[in-house]
Every structure is written in C-alpha cells, then in structure tokens.
Amino acid sequence: MGIQISPSILAADFANLERDIASVANADWLHVDVMDAHFVPNLTLGLPVLERIAQVSPMPVDAHLMIEDPDHWAPKYAEAGATSVTFHYEAAKDPVAIAKDLRALGARASVALKPGTDVDVVLDHLREFDMVLVMTVEPGFGGQSFMPEMLPKFTALRAAAEAAGHDLWLQSDGGVSRDTIEDIAAAGCDVFVAGSAVFGADDREAEISALRDLAARARPA
Ligand code: DX5
Ligand code: ZN
C-alpha cells in the first residue's frame, strides 16, 4: 500500500461537518476522534454522530477510539459504518479478541499505542492487526507538537512486520505537518493523520496532495 492521508475532523468546524468533510475529499481516509472524557480528558462524539459521518463521507472512516472499554464498544463502531476501527491497547482487556471481532464484522482492526507504551506489547500478535497507530502526541487534543522520540517505534514495527511477511499499515497521529512528515515516512510510516495541518490550510486539497508527495518521496524504497 502506498502513502495514505487521513484528515482528522477534530480540527474541522463541528457545526458544518458535512461541508468540511467534502473539503478534504481527495484524502484516502477520514479520521474521526472519539473521546469519552475518561480515557482522555476531552469529550467529542459517539455512535450516532459517527454513523451519520460515515453515511455522508466520500472517504472510508477510521474511528480512533480514545475511550474506556473498547472490548464492548469497538464492534459497535464497525456496525455503525467505520471501515477501520482503532482502539487503544492501554484501554483493552483483550486486544486480540477485539481485533478478531472487528475483522468478523468486515472492518479493519487497528490498535493504538500511547507515547509511553512500548511496541513490544503488540509484536507477538502482529498478524492479528491490520494497522498499528503510533501516537506522536499524548492523545486528547489537536494542535500539539510532534514527538520525534516516537520515530524508532515505526522503524521497529516496520522491521517486525517485514520479518513476519505481514502487510501491516503504520499510522502516525499528532503533529503531522509539512515539517515532520518526511522524517515519519522515512522511519516506515505509511498512513498519516493530520488535523490542524489540513483543516488550517487555505487550500485543504492542495495541502493533502503536498503532504502525500512529501511522504512518498521520503519513504524508504
Ligand atoms: C489527538 C487526536 C488527533 C488530533 C491530531 O488525540 O487523536 O487525531 O486530531 O491533531 P493534529 O494533527 O492537529 O496534531
Ligand atoms: Zn486521532
């Protein structure tokens, strides 16, 4: 799979979501941040809103669940229309069981790691997941600075996936911009979430194209 760009609607206008989603229609995915004010100190949206977003979005939806009890909730986001469901390892009782449930519903199964969580926790079960999200900021808020000390996680995960012969997607979320995307791509990341960089741009589609081109050129052969 080539480079993919996934704008985060956390930086969109929540009173004009359909309009703002249409303004990033050349993206590969739409990243929807679900926060419950428990797993993270912020609150966004839940199942009914995600369901309508999935109905109107020209791009497939990746639901990033920053919530407690994903064992219970993650499958419901697949049923509500998310093509990919990303849940946090730190919140899960049985991450492999959640991934199996998601795949059984026809969704892509993705696990997210907070900055303080080592990649070792998923290495033994890499084939159970379609994507690993490496948080490159502390989850909860947009507009934070990229944490360069997360780059070795992509290198380690890419090497492990190649050794396992597994087409694992690696996603970065937090602080992705024209200034940081080349280093992240060079480390082995192929799916890039960008909130403020895309929605803060005057020409959002041009920004998506620019980010995609920068990452494609920086990606290891
Ligand atoms: C933060 C969210 C991100 C956020 C990224 O917890 O998971 O998706 O929207 O925002 P930027 O791209 O502005 O760092
Ligand atoms: Zn996110």
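Two residues are in contact when they have heavy atoms within 4.5 Å of each other. Keep that in mind for the notes below.

This is a predicted model, in which local features need pLDDT of at least 70 and side-chain atom pairs count only at pLDDT 80 or more, while totals for chains, interfaces and linings use all residues. Residues are numbered from 1 along each chain as its sequence is written, chains are lettered from A and ligands numbered from 1 in the order in which they are written, and side-chain values use heavy atoms, with hydrogens and water left out.

1. Start with D130, which sits in the loop between α5 (120–123) and β6 (131–135). Helices here are DSSP runs of H or I with at least four residues, strands are runs of E with at least two, and both are numbered from the N terminus. Once residues up to four places away in sequence are set aside, D130 touches R103, A107, R108, A109, D167, L168 and W169. D130 has a relative accessible area of 14%, so it counts as buried. The cut-offs are these: buried means under 20% relative accessible area, exposed means over 50%, and partly exposed lies in between, using a 1.4 Å probe and protein chains only.

2. Now look at the metal. The zinc ion (ligand 2) is coordinated by H31 through NE2, D33 through OD, H64 through ND1 and D173 through OD, at 2.1 to 2.3 Å. Donors are N, O and S atoms within 2.8 Å of the metal (3.2 Å for Na, K and Ca), and water is not among the atoms, so sites may look incomplete. Along the chain, the donors of this zinc ion (ligand 2) follow the spacing H-x1-D-x30-H-x108-D.

3. What is the geometry of the site of the zinc ion (ligand 2)? It is octahedral, with angles of 73 to 172° among its six donor atoms. For that label, six donors must have opposite donors over 155 degrees apart and all others between 65 and 115.

4. Next comes a pair of helices. Two packed helices are described by the angle between their axes and the distance between the axes. For helix α3 (residues 70–79) and helix α4 (residues 95–104), the angle is about 15° and the axes are 9 Å apart. Axes are lines fitted to C-alpha atoms, for helices over the stretch in contact, and angles run from 0 to 180 degrees between N-to-C directions.

5. A37 is not a glycine, yet it has a positive phi of about 65°. A37 belongs to the loop between β2 (30–35) and α2 (47–56), and it counts as partly exposed because its relative accessibility is 42%. D69, also a residue other than glycine, has a positive phi near 55°. D69 is in the loop between β3 (61–66) and α3, and at 29% relative accessibility it counts as partly exposed.

6. L45 lies in the loop between β2 and α2. It is buried, since its relative accessible area is 9%. Beyond its neighbours within four places in sequence, L45 contacts I9, F14, V32, D33, V34, M35, L50, I53 and Y77.

7. I21 is part of helix α1 (residues 17–22) and is buried, with a relative accessible area of 1%. Leaving aside neighbours within four places in sequence, its contacts are I9, L30, I53, V56, S57, P58 and M59. The C-alpha atoms of I21 and A159 are separated by 34 Å, and the two residues are 138 apart along the chain.

8. Finally, S177 is in the loop between β7 (169–173) and α7 (181–186). Apart from neighbours within four places in sequence, S177 is in contact with A197 and L211.

How values were computed: Tetrahedral: all angles 85-135°; square planar, octahedral: opposite > 155°, others 65-115°.
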